[in-house]
Amino acid sequence: MELIPAVAAWALSSTCQSMVARDWLGGICPRRIDAEELSLRLSSSARVYLPGSDGFTRATTRWSVLDVPGVKVAAVPGTENDVAEIVRYANKQNVPYIAVSGGHGAITTVGKMQEGIEIWMNQLSNVEISDDGLTAKIGGGALSKSVTDTLWSAGKQTVTGGCECTSILGPGLGGGHGFLQARYGLIGDQFVSMNVVLADGTIQIIDKNSDLWWAMNGAGHNFGIVTSITSKIHDIQHPNWAYESFIFTGDKVEGLYDKINTHLLKNGTQPVDVMNYSFFFNNPDVDPTKPLIIIFIFQEGATAVDATYTASFHDLGPISTEAAEGSYLDLPVWTGNGNESPPCQKAGLKNIRFPIDIESYHIPSQRKAYDLFASATQEIPAFNNSLFLKGGLTYSVQGVQSIPSESTAYPFRGDNLLLAPFITYAPGEPDLDKKAAELGHALRNIIHEGTGRSEMHTYVNYAYGDEAKENWYGHEKWRQEKLLTLKNKYDPRRKFSFYAPIA
Ligand SMILES: Cc1cc2nc3c(=O)[nH]c(=O)nc-3n(C[C@H](O)[C@H](O)[C@H](O)COP(=O)(O)OP(=O)(O)OC[C@H]3O[C@@H](n4cnc5c(N)ncnc54)[C@H](O)[C@@H]3O)c2cc1C
């Protein structure tokens, strides 16, 4: 009697040795990760962590705890080749895997990775400047601050995200916005070549001679694990920066966003040396019933922001103002994105965003969004620390728009502004996930209606996770077809399908 299940088990297990059968049988085939077997394949500097260990906790603690990957083993490659070995091992065992660098990816689709291997890239974080000083080789897991600091000490800089604790590749594979984009383009526009572990476990150099190059700048999370990049770097020309900030009460919504449109943004022509950043936030000490609005105006190469940009905001009657001068290195801290700032803490919160790229502020929509944000954060105190980010950071766009739109998979170079309602809350109360998603969608829909567009543009790196792939990668049919063709060629078994999957 016992033979039957034993025979059946043997038949299943030997069938599951075949990769084709494993793909077809999916969940029926057993998924087994032998941590010891895995470590034997890796270099001596690699680490393999199991649940319960400190290393595992460090590797897997994330910025947002909504829909997180289910990790059975955290593997920390010590060399670029280790990444390939881990991928080959996972493929052999039919186990899913996901690369993690800064752990700030918050799109809900990553939660579809269950019972798999996390490949934590943090040991691959070297930054090495080339002899000619034109490029740097940057490890696939390097974080913004280490890249900025290393380059800065050599008189160089490159485009990174505005947050010290996010990586270069997490943002860069989806385009990647940053303080210097007005001069040099997106993070991904800086890359000149990359070493990539593809879905079949081979390491390949991908550069402009490869058909995959186009996809890696905008949709790169779908095609492989980048173990290192060679990135353009630039001489520091304007080390100084200054900012002035203004806080307004909610009655100034119309006046404020009209002035931002007409005095700063000017339909995508905000000067390359200027940025502005504004958001709605609650501060019960100042006003217990209504959110306040803060706007920062930054200027590069200045010790004080030129009155040309600030005078009209003074005229509008802020309740407080502040000004400071410093250097490029101060920008993340000033904007609340430094390593010690709340957004860099992995504090067990659920953090979700609902991005939308637009051309300019539609004033009635700003009012409607403000009123909804005000009433919702009053009604649901758990959402009180949420923000309505205007422009995330409204970096100027000249460098981004100087690159032909069709030349990369990043689809929204024509937009001037990225808005992102950001709902943050502690897990616990029932229904909060649903209510947070409803609020985020409602706020975004208000902004979308104001654009008059039928299509919605939602920056992939801020996406919530339930958007259509056209919202992430562009509505043009040719873009979707090109991505699918490349996906079928480079990842036919859909191994890289957890971060905003294109298929
Ligand atoms: C506080 C904060 C500030 C932000 N500021 C900006 C900003 O200024 N500009 C901007 O563009 N975005 C910004 N973002 C969004 C950011 O681009 C995404 O959250 C991004 O996913 C973070 O990357 P990470 O490495 O930290 O996260 P992770 O969760 O480690 O990575 C995100 C995803 O990227 C992929 N990935 C990571 N490393 C690799 C690799 N080496 N090879 C292949 N795939 C890899 C994986 O699919 C992973 O799921 C910000 C986010 C936060 C939370």
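A polar backbone atom of His-177 sits 2.8 Å from a nitrogen atom of the ligand in this predicted model, a polar contact being a pair of N or O atoms within 3.5 Å. Oxygen atoms of the ligand take part too: one lies 3.0 Å from a backbone N or O atom of His-104, and a polar side-chain atom of Tyr-499 is 2.8 Å from an oxygen atom of the ligand. Of the ligand's own 940 Å² of accessible area, the protein covers 97% (Shrake-Rupley method, 1.4 Å probe).

The shell around the ligand holds 36 residues, each with a heavy atom within 4 Å of it. Ser-101, Gly-162, Ser-167, Tyr-459 and Tyr-499 come nearest. By class, the shell has 17 nonpolar, 17 polar and two charged residues; here Ala, Val, Leu, Ile, Met, Phe, Trp, Tyr, Cys and Pro count as nonpolar, Asp, Glu, Lys and Arg as charged, and the others, including Gly, as polar.

Now to a pair of helices. H13 (residues 363-379) and H15 (residues 432-451) pack at about 170 degrees, their axes 9 Å apart; helices are DSSP runs (H or I) of at least four residues, and axes are lines fitted to C-alpha atoms over the stretch in contact, with angles from 0 to 180 degrees between N-to-C directions. The two helices are therefore roughly antiparallel (angles over 145 degrees).

Residues are numbered from 1 along each chain. Local features need pLDDT of at least 70, side-chain atom pairs pLDDT 80 or more, while totals for chains, interfaces and linings use all residues, and side-chain values use heavy atoms, without hydrogens and water.

Definitions and conventions. A polar contact is a pair of N or O atoms within 3.5 Å; within protein, one must be able to donate a hydrogen and the other to accept it, and residues adjacent in sequence count only if both atoms are side-chain atoms. Angles under 35 degrees count as roughly parallel, over 145 as roughly antiparallel, 65 to 115 as roughly perpendicular and the rest as oblique.
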